[in-house]
Amino acid sequence: MTDPANDAVARARAAALAELRRTPVATPWRRQAAVVVTAWVAVSVAAGTATVLAALAGASDLVARGPLLVALLAVAVVGGIASLSPRARLWATAAVGAALLTMAVLVVSRGAGAPSSTPEWVCSLSHVGIGLLPLAVALWSLRQSAWTWRRALATGLGAGTAGAFLGELACHQGSRHVLVHHVGAWLLVTLACVAISRRLRPRTFAP
Amino acid sequence: MQPSNDDALMEQFCRGDEDAFEILYARHAPAVLAFLTRMVRDAALAEDLLQVTFLSVVRARGRYQLGTTLRAWVFAIAGNAGRDALRRQRARPEDLSRAVPVAAAAPPTETVDPGTTRVVQEALMQLPLEQREAVVLHKMHELSFEEIATVLGITVSAAKVRAHRGYQRLRVLLAPLDVGEMS
């Protein structure tokens with residue numbers, strides 16, 4: 001008679017060996033993080049380029065808002081690293097801190113803004129719409145390790161930067177609008193990332 | 001000649017060396033199964049989680065950082081998989097009714113009276129999960145508090161506090177048995 005525990009150990013060994021044969025060479029987490037960051041930054045840059053080509057923003061906007069655009073890209077980079085780094089606690093804390101600071105500056109720096117005939121909800125919709133691809137990438141990255149709320153939050157904030165990048169260039173309305181329709185939409189993308197990723201079964205349970 | 005060091009074996013394993021994986025598996029799998037059995041208190045689930053754990057080890061080996069303790073890393077994966085399974089089980093209570101009792105699944109303890117072993121295991125099962133993990137890792141798998149902190153993703157002092165509270169609770173639960181010093 002065979003010992004069930006030994007059978008289980010043998011079964012698990014066979015399954016792991018089969019998996020090893022499927023992917024003989026390990027993918028370093030840094031390469032995966034580079035893919036995530038590149039995807040997020042590419043979406044932001046593409047959205048920014050489309051905004052300039054559509055004449056919704058000019059060179060003066062790029063110069064005036066340059067520091068904030070760079071800050072948004074920095075949040076995307078740190079959030080992307082946090083999504084995959086084995087030392088997520090440090091990177092996630094940095095990403096959340098940087099995102100909150102950037103949100104505050106986005107709101108305060110806008111001031112009274114300029115009146116617009118475009119309905120305000122268009123900004124929210126654009127923000128969420130442009131965030132869908134980064135959100136999909138974020139969900140993929142979060143499945144590569146065990147779920148933690150800190151990592152999911154940082155990743156969601158990173159994914160939401162693409163919409164904020166577009167909003168910063170294409171919209172000229174005031175602080176209250178930015179707070180509700182830009183920061184609100186950014187937080188909505190983040191919340192969706194946290195909630196959806198929590199329900200997904202991770203591909204690995206590695207820290 | 002085969003390297004005996006876990007890190008050297010991990011390097012080979014990361015390049016797809018099956019022999020290196022076999023050595024690491026033989027070294028760590030039995031302890032991981034024992035840990036999972038004590039953690040989830042369900043023999044069948046623990047066996048499934050052993051497979052999940054080592055599939056994770058294979059898939060996530062690019063996340064392993066040389067210089068960290070491999071044993072702690074593998075136990076961390078097992079702990080994460082166990083906690084996730086327990087969380088999903090709580091969300092679907094019908095799964096609990098199919099659980100195989102842990103008494104049948106618990107790894108045997110040598111040179112101890114079976115009756116005492118059963119009572120200790122039952123007391124262990126009455127501990128909250130976070131205390132049980134810390135006590136099992138410290139007492140039964142002889143991990144250091146640094147390793148336990150890595151496994152549980154907490155600070156070393158938090159690991160000590162969890163284990164201390166677990167031992168205190170066990171002392172109370174085992175007082176009628178007079179099992180002796182627990183820590």
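This is a predicted model: local features need pLDDT of at least 70, side-chain atom pairs count only at pLDDT 80 or more; totals for chains, interfaces and linings use all residues.
Colleague: How much of chain B is buried?

Modeller: Of the 183 residues in chain B, 49% are buried. As for contacts in chain B with a separation of 6 or more, 61% are between residues 24 or more positions apart.

Colleague: What makes B:Glu133 a buried residue?

Modeller: Its relative accessible area is 3%. Buried means under 20%, so B:Glu133 is called buried. This residue is found in helix H7 of chain B, residues 129-140.

Colleague: Which residues does B:Glu133 contact, leaving aside neighbours within four places in sequence?

Modeller: B:Glu133 is in contact with B:Phe35, B:Met39, B:Gly79, B:Arg83 and B:Leu152. With B:Arg83 there is also a polar contact between the side chains, at 2.4 Å. The cut-off for a polar contact is 3.5 Å, and the 2.4 Å pair is within that limit.

Colleague: Why is A:Thr27 called partly exposed?

Modeller: A:Thr27 has 37% relative accessibility. Partly exposed lies in between the 20% limit for buried and the 50% limit for exposed, so A:Thr27 counts as partly exposed. You will find A:Thr27 in the loop between helix H1 (4-22) and helix H2 (29-53) of chain A. Leaving aside neighbours within four places in sequence, A:Thr27 is in contact with A:Gln32 and, in chain B, with B:Gly62.

Colleague: How many residues of chain B and chain A are in contact?

Modeller: The contacts involve 36 residues of chain B and 39 residues of chain A. Between them the two chains bury about 3,100 Å², with 56% of that on carbon and sulfur atoms.

Colleague: How do you know that B:Glu18 and A:Arg21 meet in a salt bridge?

Modeller: Their side chains have an N to O distance of 2.8 Å. A salt bridge needs a side-chain nitrogen of Lys or Arg within 4 Å of a carboxyl oxygen of Asp or Glu, so the pair B:Glu18 and A:Arg21 qualifies. Across the interface of chain B and chain A, the rule finds four salt bridges. There are also 19 residue pairs in polar contact across that interface.

Colleague: Which helix gives the largest share of the side of chain B that touches chain A?

Modeller: That is H3(B), with nine residues. On this side of chain B, 17 residues are nonpolar, eight polar and eleven charged.

Colleague: Which members of the largest nonpolar core touch the most other members?

Modeller: In this core of 60 residues they are B:Phe13, B:Phe21, B:Leu50, B:Phe54 and B:Trp73. H2(B) gives the largest share of the core, eleven residues. Not counting residues up to four places away in sequence, B:Phe21 touches A:Arg13, A:Ala16, A:Leu17, A:Leu20, B:Phe13, B:Phe54 and B:Val58. A second, separate core of 22 residues includes A:Val75, A:Met103, A:Phe165 and A:Trp186.

Colleague: What makes helix H9 of chain A mostly covered?

Modeller: Nine of the ten residues in this helix, residues 161-170, are buried. Among them are A:Phe165, A:Leu166 and A:Glu168.

Notes. Residues are numbered from 1 along each chain as its sequence is written. Chains are lettered from A and ligands numbered from 1 in the order in which they are written. Side-chain values use heavy atoms; hydrogens and water are left out. Contact means heavy atoms within 4.5 Å. Buried area is the accessible area (1.4 Å probe) that two parts lose on being put together, summed over both. A polar contact is a pair of N or O atoms within 3.5 Å; within protein, one must be able to donate a hydrogen and the other to accept it, and residues adjacent in sequence count only if both atoms are side-chain atoms. Helices (H or I, at least four residues) and strands (E, at least two) are DSSP runs, numbered from the N terminus. Ala, Val, Leu, Ile, Met, Phe, Trp, Tyr, Cys and Pro count as nonpolar, Asp, Glu, Lys and Arg as charged, and the others, Gly among them, as polar. Buried means under 20% relative accessible area, exposed over 50%, partly exposed in between (1.4 Å probe, protein chains only). A nonpolar core is a set of buried Ala, Val, Leu, Ile, Met, Phe, Trp, Tyr and Cys residues joined through side-chain atoms within 4.5 Å.
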